[in-house]
Amino acid sequence: MSANFRLKSLTLALLASAALSACASKAPKQLPPDPGGAASTDTSQGNLQGAVPGSQADFVVTLMGQDAIYFDTDRYNIDSADMAALAAQAQWLQKYPAKNATIEGHCDERGTRDYNLALGERRANAAKNYLVSQGVDAARLATVSYGKERPLALGSDESSWAKNRRAVTVTID
Amino acid sequence: MMFRNLTVFALVLSAPALAQQAAPPATPTEEGGLSGSVSDENDWQDLGIAIPSFATNADVPTQTSAGSTAALGRSVAQIITADLKNNGLFKPVGPDALPQPGYGQIQAPDFATWKTRSAEMLVQGYVRAAEGGQLTVGCYLYDVALSQQLAKAGWTVAPADWRRAAHKCADMVYSRLSGESPFFDSKVAYIAETGPKDRRMKRLAIMDSDGANHRYLTTGQATALTPRYSPDYGSIMYLSYLNGNPRIYVYDLATATQRLITQSRNPTFAPRWSPDGKWVLYSMATGGNTDIYRISAAGGGTPVKLTDSPGIDIGGSFSPDGTKIVFESDRSGSQQVYVMNADGTGQRRISFFGGRAATPEWSPRGDQIAFTHITGNFRIAVIDPSGGNLRTLTDSWQDEAPTWSPNGRIVQFFRTARGSGRTGIWQVDLTGRNERRLATPVDGSDPAWGPVRP
């Protein structure tokens, strides 16, 4: 599970509790603190958290980490794990044909800036092309490269770099 | 003696274990990764140069930040001293440690006194108030041993440009003593960085070659990257994520307005000017494939696609005569350096020395190409235009994106710290010995050094 996924789940949990407090007008203004670690265990409950079907929140929860695919150093090929993730993305996108998505291409910090911008674009396009091959209309998919500008994992080590060499599909609410 | 030190140093650095060590960021003196002999081991680098306060005929207020003409005379001498010292070229002694000559002595130096101070060269001058608030700065270079004037020049400048007169004087001294072209009176565009590693704010910024007159040009709301000053300093091309997508804009400095370099909706990267400012290169991705294009700098006209490989072709730097372009391509499977004619014909790879080779920049002198050499760590290196005579100039964890001084003797680049991701702008001369960090208000990356000003 990626850090990004956890973060988004936490946001969902907070949104859900905010919604609850809005409904129950007699609830105390000072909510008790969230129990530690509860946010990440919530992810296993998927849609039961209350994400609106067809929303980006629903996409993230449904895909369970498969909203991103990962690449080897300097590569942009789609491997079998990527295919499974992209097939799951395509399935969701076909369930909600009115939804568009942007695929964000990223690189690790161990590349020169210009090249990483081009490489991120190449990775985003590789993911896009596979989604199109799975029946998603190309007109629904945009790409953007962030090169090495938006790392997810902050370390300067192989495991961090592996997490950062990614293409993330983000649906547009 | 200097040559002997150099040889010993090169031997030490050839040990692989040492070469792998990350250089400590704050001790620039001993980390130049020199790997070969160089041609500019001249005695003039050891010259003792005295630079006393510039005199004035009448101490009157000025409209400058430095104060009256007398205060300005001291500041001018300090700027000249810093220029000559900070680049490792000379060992000057500045005004704080020297007697102050009178106005009448500027053209008739007291050579006997300077000889007793072991000064071999003497830089003197004056500051005078001129018409309309302007300032006249005179600059004289003397050979103390010969009791002889070597060079003189004078400039009348607007108050806001007073530092330029000091840089021009430093340039005169440097050129006369070294035989090299001047470079101090020039400016640098770069990216100012603040904030945590995953949410860096990146702003377009400019400064003089010595870090003075620093100014931010963008607010940081949109990430700005990879600026390049136009040769006339009138505008800057850079990449911005304005409106969400990375595209190249031309920022006009006089009007503080900007326009897209091309109306295409595709992402565009790596803007570059031709030396005469008439053409620009940009790299554009279409369906994931990036190629290099050339278009008129004035805007309009049809872009000419210069590369057509299925790999990433990106960047590009013109030879000084504008006939050739050095660029980067991964068509062989990894980033390597290629040269082509300015019309895109005759593309051939020139980097065949192992590792990856990226971000090539042609020296304004034409004799060298600086690039990022990726062999595990990222180092700044130079080759000749045929790809031979590889020399590595730096040795750190990640040094990237060289840009040349106007005279092709110094390379600026940015260094990224492992872990924190913090960046700083550094420069190193072609010997690899004189490496230093430039003082910037916040972290800095993507430096682009412009030409010497007329």
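The legends below describe close-up views of a predicted two-chain model.

Local features are reported only at pLDDT of at least 70 and side-chain atom pairs only at pLDDT 80 or more, whereas totals for chains, interfaces and linings use all residues. Residues are numbered from 1 along each chain as its sequence is written, and chains are lettered from A and ligands numbered from 1 in the order in which they are written.

**View 1. Overall composition of chain A and chain B.** Chain A has six helices and four strands, arranged along the sequence as α-α-α-β-α-β-α-β-α-β. Chain B has five helices and 29 strands. Helices (H or I, at least four residues) and strands (E, at least two) are DSSP runs, numbered from the N terminus. Of the 173 residues of chain A, 38% are buried; in chain B, buried residues make up 49% of 454. A residue is termed buried if 20 or more other C-beta atoms lie within 10 Å of its own, exposed if 12 or fewer, and partly exposed in between, with C-beta atoms placed from the backbone. Among contacts with a separation of 6 or more, residues 24 or more positions apart account for 72% in chain A and for 46% in chain B. Two residues are in contact if their C-beta atoms, placed from the backbone, lie within 7 Å.

**View 2. The interface between chain A and chain B.** Here 21 residues of chain A are in contact with 31 residues of chain B. On the chain B side, the elements that give two or more residues are strand 9 (224-229), strand 13 (268-273), strand 14 (279-286), strand 17 (313-318), strand 21 (356-362) and strand 25 (399-404). By class, this side of chain B has 10 nonpolar, 15 polar and six charged residues. Ala, Val, Leu, Ile, Met, Phe, Trp, Tyr, Cys and Pro count as nonpolar, Asp, Glu, Lys and Arg as charged, and the others, Gly among them, as polar.

**View 3. Helix 3 and helix 4 of chain A.** In helix 3 (residues 56-63) of chain A, the buried residues are A:Ala57, A:Asp58, A:Phe59, A:Val60 and A:Val61. Helix 4 (residues 80-95) of chain A contains 16 residues and reaches 23 Å from its first C-alpha to its last, close to the 22 Å expected at 1.5 Å a residue; the expected span is 1.5 Å times one less than the number of residues. Its buried residues are A:Ala85, A:Leu86, A:Gln89, A:Trp92 and A:Leu93. Seen down the axis of helix 4 of chain A, they fall within an arc of 115° and so line one face of the helix, the arc being that of the directions from the helix axis to the C-beta atoms. These buried residues pack against helix 3, strand 1 (68-70), strand 2 (101-106), helix 5 (113-133) and strand 4 (166-171) of chain A. The face turned away from the buried side carries the exposed residues A:Ser80, A:Ala84 and A:Lys95.

View 4. Four strands of chain B form an open antiparallel sheet in the order 21-22-23-24, where two strands pair if DSSP finds at least two bridges between them. Strand 21 and strand 24 (391-392) of chain B are the edge strands, each pairing on one side only. Seven bridges join strand 22 (residues 369-375) and strand 23 (residues 377-383) of chain B in the antiparallel sense. B:Ile374 stands opposite B:Phe378 in strand 23 of chain B.

View 5. Strand 25 runs antiparallel to strand 26 (residues 410-416) of chain B, to which four bridges join it. B:Thr403 stands opposite B:Gln412 in strand 26 of chain B. The two strands form a hairpin with five residues between them, and B:Gly408 in the turn has a positive phi of about 70°.

**View 6. The nonpolar cores.** The largest nonpolar core has 95 residues, of which A:Ala118, A:Ala127, B:Tyr190, B:Tyr238, B:Tyr282 and B:Val411 touch the most other members. Such a core is a set of buried Ala, Val, Leu, Ile, Met, Phe, Trp, Tyr and Cys residues joined through C-beta atoms within 7 Å. Helix 5 of chain A gives the largest share of this core, nine residues. Leaving aside neighbours within four places in sequence, the contacts of A:Ala118 include B:Phe269, B:Ser283 and B:Ile314. A second, separate core of 42 residues includes B:Ile51, B:Leu135, B:Val137 and B:Cys139.
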